[in-house]
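Open the model in your viewer and keep the selection panel at hand. The stops below go from pocket to ligand, then to a loop and a cavity.

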Amino acid sequence: MNGHHRLRIAVLISGGGTNLQALIDHIDAGSMPADIVGVISDRPGAYGLQRAARAGLSHHCVDYQSFGERTDFDRALADKLGGLQAELIVLAGYMRILSATTVQQYAGRMLNIHPSLLPAYPGLHTYARALAAGEQWHGSTVHFVIPELDAGPAVIRYRVRIRPGETEPELQQRVQQGEHIIYPRAIGWYAADRLCCKQGQVWLDGRQLREPETVDEVMGINQ
Ligand code: GRF
């Protein structure tokens, strides 16, 4: 990529789209050489679609419910993504498991954010599970996507220390504030050609990451 290239990003959502919003805000602030070329939801009612509309972004629904066969849905989504000619796919609260074919097609070019300190707590209900287990720390992790769920190589994570008596919504709110820091940061690195994934290894600024970069919430002030 040359210095003038702007990365073409497609964002996949299912819900509220606060991570989408954080990315829109960073791009609008001029802090990364990237454009969102399309937002795709699998649910027509996803509030993130309204955020996309408000930002003047091309937005689409590939409605999972309207397909009888899973393979038809997968094909429709792949066609939509292909039409966008996206260079990076950003999963931002996308709650559907992508087909292995689609994941492999975008190997090294697809990022996800998962609300746990991976490899702990892949899957759903991570906040409740971490609280029930009496964990001291929780957080969120940005990782490259591989066919295995929530298992791809990690890039950056945000950690918070769980407070005594903390409820699930309280913990979730603190972690999500951090997501809005680390996800645009990772996407910005990728757009600036600083981040890549080769043979399952993550490289940042020419250095192989042995473990993800870490941002800790410190006394409510984010580094
Ligand atoms: C995020 O917290 C992310 O960790 C998870 O889904 C949530 C989506 O939130 N994958 P939003 O739609 O970006 O607000």
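How many nonpolar, polar and charged residues does the lining of the largest pocket have? The lining has 15 nonpolar, 15 polar and 6 charged residues, where Ala, Val, Leu, Ile, Met, Phe, Trp, Tyr, Cys and Pro count as nonpolar, Asp, Glu, Lys and Arg as charged, and the others, Gly among them, as polar.

Two notes before selecting anything. The model is predicted: local features need pLDDT of at least 70, side-chain atom pairs count only at pLDDT 80 or more, and totals for chains, interfaces and linings use all residues. Residues are numbered from 1 along each chain as its sequence is written, and side-chain values use heavy atoms, with hydrogens and water left out.

**Stop 1: the pocket.** A pocket here is an open set of points on a 1 Å grid over the protein atoms alone, with protein on both sides within 12 Å along at least five of seven lines; lining residues have an atom within 4 Å of a point. Grid points are joined across faces, edges and corners, and a volume is the space filled by probe spheres set on the points.

Now colour by element. Helices (H or I, at least four residues) and strands (E, at least two) are DSSP runs, numbered from the N terminus. Helix H1 (18-28), strand E5 (110-114), helix H5 (126-132) and helix H6 each supply at least two lining residues. H6 gives the most, with 4 residues.

**Stop 2: the ligand.** Show the ligand, whose space is the largest pocket; a molecule sits in a pocket if more than half of its atoms lie within 2 Å of the grid points. Around the ligand are Gly 16, Gly 17, Thr 18, Asn 19, Gly 93, Ile 113, Pro 115, Gln 176 and Glu 179, each with a heavy atom within 4 Å. By class, this shell has 2 nonpolar, 6 polar and 1 charged residues. H1 and H6 (168-191) each supply at least two of the shell residues.

Next, draw the polar contacts (pairs of N or O atoms within 3.5 Å):
- Gly 17: a polar backbone atom is 2.7 Å from a ligand oxygen.
- Asn 19: a polar backbone atom is 2.9 Å from a ligand oxygen.
- Gln 176: a polar side-chain atom is 3.0 Å from a ligand oxygen.

Taken alone the ligand exposes 370 Å², and the protein buries 85% of that (Shrake-Rupley method, 1.4 Å probe).

**Stop 3: the loop between E5 and H5.** Select Pro 119, which lies in this loop. A cis peptide bond joins Leu 118 and Pro 119, with omega about 10°. Tyr 121 is also in the loop between E5 and H5; its phi is near 55°, a positive value in a residue other than glycine.

**Stop 4: the cavity.** Select Asn 19, Leu 20, Leu 23, Val 90, Ala 92, Tyr 183, Pro 184 and Ile 187, which line the largest cavity. A cavity is a set of grid points where a 1.4 Å probe fits but cannot get out. The volume of this one is about 30 Å³. Its lining divides into 7 nonpolar, 1 polar and no charged residues.

Terms used:
A polar contact is a pair of N or O atoms within 3.5 Å; within protein, one must be able to donate a hydrogen and the other to accept it, and residues adjacent in sequence count only if both atoms are side-chain atoms.
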